[in-house]
Amino acid sequence: MPLGKHDYNLETFFPLFSSYIYRLVDDAASLRYSTISVIQDFANDGVAYLELRTTPRAFPREDLDKEAYVNHVIIAIDEAQQRFPSIQVRLILSIDRRNTLAEANKVIELAVSFSRRGVVAVDLCGDPTQGDVSLFTPAFEQARARGLKITAHFAEAEYSATEAELETILRWMPDRLGHVIHVPEHVKTQIAARLGIGLELCLSCNVQARMIVGGFDAHHFGQWWRVDGVVVVPCTDDVGVFGSPVSNEWALIQVGC
Ligand SMILES: CNc1ncnc2c1ncn2[C@@H]1O[C@H](COP(=O)(O)O)[C@@H](O)[C@H]1O
């Protein structure tokens, strides 16, 4: 993203993927290029362990199905790891909130079948104004039963922070939660009681996209990292969109929280 164009908010962020990025990355060659390029950037930033996440897509123009998509990503990861041996990369496959249950089940099936090649978990992602996450309960139960780790975008916007949604996701027994913004006190207590749960917090994304009120000093990172038992992980959400590599997220934490 060019300098000065990092001004995305939750309304303009998701169409960026469906209108532009999904159309730009629409064949095996662009998938390979973007996967290697993102790993190179993280390696250059000094990252030793990286988890990438992606939503499996089919590329009808090339007659590639979702399985071929995941296979291409993994081949590109393997190639990048040869070229940049300082970084270890694992993959998380995402279920988009707009998916059907059948599509979600397919993601679980792919995650299981590629687990020996570096897929470590499944994620719930996508536009928080879309979908009813309870639809995916059987898929996430299946994921857990089959030994996959679970992470979910959680309470990132007010409309995805209803009591029903938060309870549904917590019943999936996620290993990690992402964003964790609009969380009522009693749910915070529930989270804190899940010893070892990971909280994937994204400072630049939340501040720049105005998902929180205020600046970095108002970010909930400052509260959560003081809570015993939870593991707080500073994440980028998206270096390209928000223009902040993970080293910068650590720098922001040092000055702001
Ligand atoms: C505010 N933060 C966020 N909240 C929810 N979902 C997000 C996200 N940041 C990224 N994604 C999800 O990641 C997809 C892009 O990569 P892939 O096509 O999967 O490779 C987006 O479509 C979105 O669903």
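Gly198 stands opposite Val231, a residue of strand β7. Helices (H or I, at least four residues) and strands (E, at least two) are DSSP runs, numbered from the N terminus. Two strands pair if DSSP finds at least two bridges between them.

A word on the source. What we have here is a predicted model, in which local features need pLDDT of at least 70 and side-chain atom pairs count only at pLDDT 80 or more, while totals for chains, interfaces and linings use all residues. Residues are numbered from 1 along each chain as its sequence is written, and side-chain values use heavy atoms, with hydrogens and water left out.

Let us turn to the whole sheet. The sheet is open and has 7 strands, in the order β1-β2-β3-β4-β5-β6-β7, with parallel pairing. Because β1 (49–54) and β7 (231–234) stand at the edges with a single partner strand each, one side of each has no neighbour in the sheet. On average, neighbouring strands are turned by 25° against each other, direction ignored. Axes are lines fitted to C-alpha atoms, for helices over the stretch in contact (heavy atoms within 4.5 Å). Angles run from 0 to 180 degrees between N-to-C directions.

Two helices come next. Helix α5, residues 137–145, lies across β2 (88–96), β3 (119–125) and β4 (149–154), at about 165° to β3. Helix α6, residues 163–171, lies across β3, β4 and β5 (176–179), and runs at about 165° to β4.

Most residues other than glycine have a negative phi. Ala155, however, has a positive phi, near 55°. Ala155 is also buried (under 20% relative accessible area, with exposed over 50% and partly exposed in between, using a 1.4 Å probe and protein chains only), at a value of 0%.

Glu156 is buried too, yet has no salt bridge; that term requires a side-chain nitrogen of Lys or Arg within 4 Å of a carboxyl oxygen of Asp or Glu. Arg97, the nearest side chain of opposite charge, is 5.6 Å away. Lys and Arg count as positive and Asp and Glu as negative, whereas His and the chain ends are not counted. Beyond four places in sequence, the contacts of Glu156 include Leu10, His179 and Met211.

Finally, Val180 lies in the loop between β5 and α7 (185–192). Its phi is positive, near 55°, and Val180 counts as buried at 1% relative accessibility.
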